[in-house]
Amino acid sequence: MASPACSACSAYSGEQVAIESMDPTKFRFEPVSGEYMITCKACSRTFGTAGTVRNAPYVDSDMPVVEFVLDQCEGILRESSVMLDLGCGDGRFLVEAAKRFGCCGIGFEIQPKVAQRAKRRVSAEGVGHLVTIETADFRSSTAALAIAKADVVVLFLLPEHLAVLGPLLLERGIRSSAVVITHQFEMPSPWKPEKHETVSYTTEDGRGDLTGEIYVYNVPSNA
């Protein structure tokens, strides 16, 4: 008999669900034969998916995670530096980095409505002179130019997208001194995290206690 659903996954029924609808802070995504096996972190219930997803689902990183990621950038980012966020969502990493360090930020967001939300956030926070949001795919030629000049690259993407980005960052000439930080999921080989930290926090919107996995990478020297 199947285990009863917990509060995190009670909204999902059946064995196949749409991956876009599921919060990566509450579920694990493991690629299996071109699809994903999804497991609820709270109760270990598993789901199969109907297939791979073209675009990463839009899920905001909670502010305690954003602040923790920026803490990892101390001593790296300064006024002359560039932070790049591929799949930037509403731009909160870039905005907060610009406010804290005075650095430039470049964000790429493929979903037009989300990109517009990011642009509004940049304007509202008064950092439009520092932060640029591009409505484009991370595989675009514009993104290639940004990769080559980034000091810090931030990624909150699903494993299938990181599998593409791992070699792409190297092909596009990421600086050997650059730092890559991923939220929730690991980069593929030959990338190896220099640091892995779990951020535990309580949300203010009623979602309860959550955790975020943060991985910090240097550029592989033997790639």
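**Salt bridges**

Analyst: Glutamate 125 is partly exposed, at 34% relative accessibility. The model is predicted. The partner of glutamate 125 is lysine 99, and their side chains meet in a salt bridge at 3.1 Å, N to O. Lysine 99 is also partly exposed, with a relative accessible area of 43%. Lysine 99 belongs to helix 2, while glutamate 125 lies in the loop between helix 3 and strand 7, so the pair ties together parts 26 residues apart in sequence.

The structure holds 9 salt bridges. One of them joins arginine 100 to glutamate 67, with the closest N and O atoms 2.8 Å apart. This pair links distant parts of the chain: arginine 100 is in helix 2 (residues 92-101) and glutamate 67 in helix 1, 33 residues apart. Arginine 100 is partly exposed at 31%. Glutamate 67 is partly exposed at 32%. Salt bridges with shared partners join Glu67, Asp71, Glu74 and Arg100 into one network.

Helix 1 (residues 63-71) also lies across the sheet strands 5, 8, 9, 10 and 11. The helix runs at about 150° to strand 10.

Next comes aspartate 90. Its side chain meets that of arginine 121 in a salt bridge of 3.0 Å, N to O. Aspartate 90 sits in the loop between strand 5 and helix 2, and arginine 121 in helix 3 (residues 112-124). The two are 31 residues apart. Aspartate 90 counts as buried because its relative accessible area is 2%, under the 20% cut-off. Arginine 121, at 22%, counts as partly exposed.

How values were computed
Residues numbered from 1 in each chain as written. Predicted model: local features only at pLDDT ≥ 70, side-chain atom pairs only at ≥ 80, totals over all residues. Heavy atoms only, no water. Contact = heavy atoms within 4.5 Å. Axes fitted to C-alpha atoms, helices over the stretch in contact; angles between N-to-C directions. Helix = DSSP H or I, 4+ residues; strand = E, 2+ residues; numbered from the N terminus. Salt bridge = Lys/Arg side-chain N within 4 Å of Asp/Glu carboxyl O. Buried < 20%, exposed > 50% of the residue type's maximum accessible area, 1.4 Å probe, protein only.
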